Amino acid sequence: MPKKINIKQKFSKFSELWSPKVIAEMNDYQFKIVKIHGEFVWHKHDETDEVFIVIEGSMKIQFRKKTINLNQGELFIVPKGVEHKPFAADLCKIMIVEPRGVMNTGNIKNELTAKNDIWI
């Protein structure tokens, strides 16, 4: 029988920024938690939508022609193929849900590209 997962406790187990940690899987989808602060990189995911769920704090998702503001308890789905750039003025804790194997920087590879499938 699966065990329940305490999301707050999972966040206490790491301090890295922009480094998704897997906390659960459902079918081929992973539930990942991430601490973010500052700017990420412009990127897109050609094969999948990406959902951002704000657990604590607030963030923005910039698009080329607009910006979405997200606060605690809100979520937003970025459609596949849409270029975007997450940003958080202060520390923000989020959950993302996406298929197993999706690279956090999408079509870009740089110093913010995190290893996949890191479980906590």
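This is a predicted model: local features need pLDDT of at least 70, side-chain atom pairs count only at pLDDT 80 or more; totals for chains, interfaces and linings use all residues.

Visitor: Where in the structure is Lys21 placed, and is Lys21 buried or exposed?

Guide: Lys21 belongs to strand E1, which covers residues 21-26. Burial is judged by relative accessible area, and a value under 20% counts as buried. Lys21 has 7%, so Lys21 is buried.

Visitor: Which residues does Lys21 touch?

Guide: Leaving aside residues up to four places away in sequence, Lys21 touches Phe14, Glu16, Phe31, Lys32, Ile33, Ile118 and Ile120. The side chain of Lys21 also makes a polar contact of 3.1 Å with the side chain of Ser19.

Visitor: How many aromatic pairs does the structure hold?

Guide: There are three aromatic pairs. One of them joins Trp18 and Phe40, with 4.6 Å from centre to centre and 25° between the planes. Planes under 30 degrees apart count as stacked, and the pair of Trp18 and Phe40 is therefore described as stacked.

Visitor: Which parts of the chain does this pair link?

Guide: The pair links distant parts, its two residues being 22 residues apart. Trp18 is in the loop between helix H1 (7-11) and E1, while Phe40 is in the loop between strand E2 (29-39) and strand E3 (50-56). Trp18 is buried at 9% relative accessibility, and Phe40 is buried at 7%.

Visitor: Which charged residue lies over the face of Phe14, and which has its charged end over the ring of Trp42?

Guide: Over the face of Phe14 lies Lys35, 5.0 Å from the ring centre. For Trp42 the residue is Arg64, whose charged end sits 3.8 Å from the centre of the ring.

Visitor: Which strands are joined to E4 by bridges?

Guide: Strand E5 (residues 67-71) is joined to E4 by five bridges, and the two run antiparallel. Lys60 has Asn69 of E5 as its bridge partner. E4 and E5 form a hairpin, with four residues between them. Strand E7 (residues 85-99) is joined to E4 by three bridges, also in antiparallel fashion. There, Ile61 stands opposite Pro86 of E7.

How values were computed:
Residues are numbered from 1 along each chain as its sequence is written. Side-chain values use heavy atoms; hydrogens and water are left out. Buried means under 20% relative accessible area, exposed over 50%, partly exposed in between (1.4 Å probe, protein chains only). A polar contact is a pair of N or O atoms within 3.5 Å; within protein, one must be able to donate a hydrogen and the other to accept it, and residues adjacent in sequence count only if both atoms are side-chain atoms. Contact means heavy atoms within 4.5 Å. Rings of Phe, Tyr and Trp (its six-membered ring) pair if their centres lie within 6.5 Å; planes under 30 degrees apart count as stacked, over 60 as edge-to-face and the rest as tilted. A charge sits over a ring if NZ of Lys or CZ of Arg is within 6 Å of the ring centre and within 35 degrees of the ring normal. Two strands pair if DSSP finds at least two bridges between them.
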